[in-house]
Amino acid sequence: MQTPCYCAALRAAARKTTALYDGALAPAGIGVAQFSLMRRIKSVGTVSLTELARLAELDRSTVGRNVKVLARMGLVAEIPADDQRETAVAVTEAGRQTLRRARPLWEAAQARIEAALGDAGAAALRALALDL
């Protein structure tokens, strides 16, 4: 059923896309949200949860919950930040290994999306997403 509601259409597309990436990343033991968050952490080294939330464009409490899951999995480590009121995180060696295993799986999911959309469609999607 098609809907004229942009929000509903985007949410449905996001659920389908998330399911595709989660399925692709399953052999690495993580989902796309975890993969994305770990990549952001790895790219900046050690980062406070507040800064990570800003970088990921998520609220601080969501990032905190997700980081706790990653910490329990041994993929990130919580470390004291310069500001005693803040927690910082870094990717562990196990996390780096997981990211190495996950990257080709993520790339395959990317290729599936790009094949479904075509080059022009993929470029248009990226441009539209950045405009919102």
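Mentor: A salt bridge is a side-chain nitrogen of Lys or Arg within 4 Å of a carboxyl oxygen of Asp or Glu. A search of the whole structure finds seven. This is a predicted model: local features need pLDDT of at least 70, side-chain atom pairs count only at pLDDT 80 or more, and totals for chains, interfaces and linings use all residues. Residues are numbered from 1 along each chain as its sequence is written, and side-chain values use heavy atoms, leaving out hydrogens and water.

Trainee: Which residue meets K68 in a salt bridge?

Mentor: E78 does, at 3.7 Å from N to O. K68 sits in helix α4 and E78 in strand β2, so the pair ties together parts ten residues apart in sequence. Helices (H or I, at least four residues) and strands (E, at least two) are DSSP runs, numbered from the N terminus.

Trainee: Where do R103 and E107 lie?

Mentor: Both are in helix α5 (residues 93-131), four residues apart, about one turn of the helix. R103 is partly exposed at 41%, and so is E107 at 38%.

Trainee: What is the partner of E114?

Mentor: R126, with the closest N and O atoms 2.8 Å apart. E114 is partly exposed at 31%, as is R126 at 46%. Elsewhere, salt bridges that share partners join E93, R96 and R100 into one network.

Trainee: How are two packed helices described?

Mentor: By the angle between their axes and the distance between the axes. Here, the axes of α2 (residues 32-44) and α4 (residues 60-72) come within 11 Å and cross at roughly 90 degrees. Axes are lines fitted to C-alpha atoms, for helices over the stretch in contact; angles run from 0 to 180 degrees between N-to-C directions.

Trainee: Which residues of α2 and α4 meet?

Mentor: From α2, Q34, L37 and M38; from α4, N66, V67, V69 and L70. Contact means heavy atoms within 4.5 Å.

Trainee: How do strands of a sheet pair?

Mentor: Through backbone hydrogen bonds, either parallel or antiparallel. In this model, three strands form an open sheet, ordered β1-β3-β2, with antiparallel pairing. Strands pair if DSSP finds at least two bridges between them. β1 (47-48) and β2 (76-80) are the edge strands, each pairing on one side only. Two bridges join β1 to β3 (residues 87-91). S48 stands opposite A88 in β3.

Technical notes:
Buried < 20%, exposed > 50% of the residue type's maximum accessible area, 1.4 Å probe, protein only.
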